[in-house]
Amino acid sequence: MSEYFEVYKTHQRQPITRLDILPLIDRSLVDYEKYARFIGQSLVKNCITLQGTRGCPYKCAFCHKIWPKKHMVRSAENLFEEINLYYNMGIKRFVFVDDIFNLNVENSMKFYRLLIKNRLEVQLFFPNGLRGDLLNRDYIDLMIEAGTIDISFALDTASPRLQKLIGKQLNIEKFRENVRYVCEKYPSVILEFQVIYGFPTETEEEAIMSLDFIKSLKWLDFPYIHLLKIFPHTDMEKLAMENGVSKEDIEKSANLAYDQLPDTLPFNKEFSYEYKVKFLYEYFLLKDRLLAVLPHQMRLFTESELMQKYNSYLPGKFECLSDLLKVAGITRDELNTSRCLPGDSYVVHGLNEKIRNAFPQQEPQEDALKVLLLDLSLFFSTGRKVLYDVVEQPIGLLYLLSYLKQVKGSKINGKIAKSRIDFDSYEGLKQLLDQFKPDVIGIRTLSFFKHWFHQVVKMIRQWGIHVPIIAGGPYATSEYSSILQDVNVDVVVMGEGEMTFSELIDKIMENNGKFPGKTVLKKIDGIAFNQKEKPERMGTGQIIKDGTKKKLSKEKETEILYLLTTDLEDEC
Ligand code: B12
Ligand code: SF4
């Protein structure tokens, strides 16, 4: 380990147990009309994404467990209040990012009843999973009566042995009964389904069991077979290594696209290829299946939404529904319906203004601390094409800034910017930074984008910006000690961010806008930092010494920008 590197991790921060104390997030902090052009995880545009619960008591080995073990919920009334606010603005579609929204049965049922009692004609989406074995028929009936039109069920594996091995412990029979019930009684509900392929020690028979499980369900709309990706610092990494997978293969697999076969799989390439072909031809592309599911999908979604979904789901590129039908060998006449939902359905005109009216702004003071929050969890539109390429609203950053504004008021001038949406190139990011001139930068990303994250922070430094950089969110939480080897990152916030980030900002303000010293940092729960003195920051042509910035000439800056941009586009 380098003589310049020693991580100091402070005490773990206690989770917020009553989520209702958090303010309703101030969505006027982002340009919602820009998001209306894209679908998110839910497959619809013109929606509002919410988080209803935090924390999870389960122990799935592949999970990053960025939230605490205890499951915390927003009360039914608090959720209803937020939904009602947007419903009155004309929004009808609401998406939950939760993994296990239904774990607290009582509160979630109360929430559905509130929607029904108040006659809110909403559409609810649960694209990230409900725990399928915890449902029962009454619960399912109620959630669908309340407006649920999309549910994702995560089976992961149909093998009881593997269920045990990966710590998921799903009651497979109960799960099967519930998914079947939805398929049969509510064929118009869009069903997504998650299976993982390639667990350590998984046998070919076990993999086939999962495929057969899918094939037994008539019909699933979007069944996913994810190739197992083994992420560092997860229990899956330990499990894989205990079962003979080498560290080297794990590291090599990290940079593969989601459709490339990693060497960590316990199967040979032929089997994997046949498996994929079977899945496609014996299920996904079956004419009967498509003829059954497409009319429902077309009734619920616009053509543009459907095409964005199919393009994020399959590696190909469909311009319009006819392309998809051609691949499936289906004519328009064979479908019971000829048109998708009209393109302007669910559009709310003047949404930004309506949101602004609901969240009146306090003008920041002239000397307010400028806090820029960047979400780097989407490559630029010119970058590498990846599966699951959907545009999610940056609700993590909205939570941070809404809370900060609540406690600091006009002393904060905050801005949120998301890659591809608010800046779609390195030049765009540079412009944004030049205009806003932040005093502090906070960044969120997923481990999947880590190389890009480090390139971006390096560039920020090379542009001569030496304000504190605080990393938070999924990548920072799961890999805090690797992230801190990057001299450009000052501190990492782990897990839930509101209280920790706000305390850090407090200390920066108390220190006249400068980053606090190590003695102060050590008293802030929930962070990690490098406690060794760093070497001088090495930006191209730019060195920071004792806080004195040397300015680059304009020509040099443009030259560096050009070099870095060409370099980086190869990376992504
Ligand atoms: C929505 C979602 C997606 C969406 C959108 C992702 C995106 N662009 O952000 C989609 C479907 C695209 C997606 C994809 C994937 N996802 Co995902 N996803 C989620 C999910 C369900 C919700 C995220 C969310 O909005 N949370 C709610 C908000 C409020 O939380 P938050 O953003 O984390 O913010 C809080 C804190 O983290 C912190 N914080 C956040 N940012 C910052 C910044 C600063 C400066 C600070 C101080 C604090 C801070 O404070 C916030 C408030 O407390 C999470 C699980 C979860 N329940 O969080 C997984 C999760 C983020 N995904 C995960 C993974 C692994 C993936 C995939 C790689 C899946 C795969 N097949 O392997 C793919 C990535 C592929 C791709 N092309 O992007 C992991 C990430 C682990 C990691 N280390 O990166 C998670 C945590 C699931 C898990 N438990 O393992 N995902
Ligand atoms: S994958 Fe979902 S259910 Fe499993 S431990 Fe993670 S958050 Fe919990």
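Author: What follows goes from the domains to the ligands and then to the backbone. This is a predicted model, in which local features need pLDDT of at least 70 and side-chain atom pairs count only at pLDDT 80 or more, while totals for chains, interfaces and linings use all residues. Residues are numbered from 1 along each chain as its sequence is written, chains are lettered from A and ligands numbered from 1 in the order in which they are written, and side-chain values use heavy atoms, with hydrogens and water left out.

Reader: Which domains does the assignment of the chain give?

Author: Domain bounds come from an automatic or database domain assignment. Here the assignment gives domain 1 (37–284) and domain 2 (351–571), and their centres, taken over C-alpha atoms, are 31 Å apart.

Reader: How many residues of domain 1 are in contact with domain 2, and what area is buried between them?

Author: Contact means heavy atoms within 4.5 Å, and buried area is the accessible area (1.4 Å probe) that two parts lose on being put together, summed over both. In this model 29 residues of domain 1 are in contact with 27 residues of domain 2, and about 2,500 Å² is buried between the two domains, with carbon and sulfur atoms giving 62% of that area. I66, M89 and Y258 supply 24% of the area that domain 1 buries against domain 2, more than any other three residues.

Reader: How many salt bridges are counted between domain 1 and domain 2?

Author: A salt bridge is a side-chain nitrogen of Lys or Arg within 4 Å of a carboxyl oxygen of Asp or Glu. The count between domain 1 and domain 2 is two. R54 forms a salt bridge with E498, and the closest N and O atoms of that pair are 2.8 Å apart.

Reader: Why does ligand 1 lie between the domains, and which residues are closest to it?

Author: A residue is near a molecule if one of its heavy atoms lies within 4 Å of it. Domain 1 and domain 2 both give residues to the shell around ligand 1, so the ligand lies between them. Of the 42 residues that surround ligand 1, the closest are N128, Y258, R444, S447 and S478.

Reader: How do the residues of the shell around ligand 1 divide?

Author: Ala, Val, Leu, Ile, Met, Phe, Trp, Tyr, Cys and Pro count as nonpolar, Asp, Glu, Lys and Arg as charged, and the others, Gly among them, as polar. On that scheme the shell around ligand 1 holds 23 nonpolar, 13 polar and six charged residues. As for individual atoms, an oxygen atom of ligand 1 is 2.9 Å from an N or O atom in the side chain of W67, and a backbone N or O atom of H64 lies 3.1 Å from an oxygen atom of ligand 1. A nitrogen atom of ligand 1 lies 3.3 Å from a backbone N or O atom of P474.

Reader: Which residues are around ligand 2?

Author: They are C56, Y58, C60, F62, C63 and D99, and this shell divides into five nonpolar, no polar and one charged.

Reader: What should I look for in the backbone?

Author: Most residues other than glycine have a negative phi, and most peptide bonds are trans. In this model the peptide bond from K218 to W219 is cis, with omega near 0°, and phi of K65 is near 50°, a positive value in a residue other than glycine.

Conventions
Polar contact = N/O pair within 3.5 Å; in protein donor to acceptor, adjacent residues only side chain to side chain.
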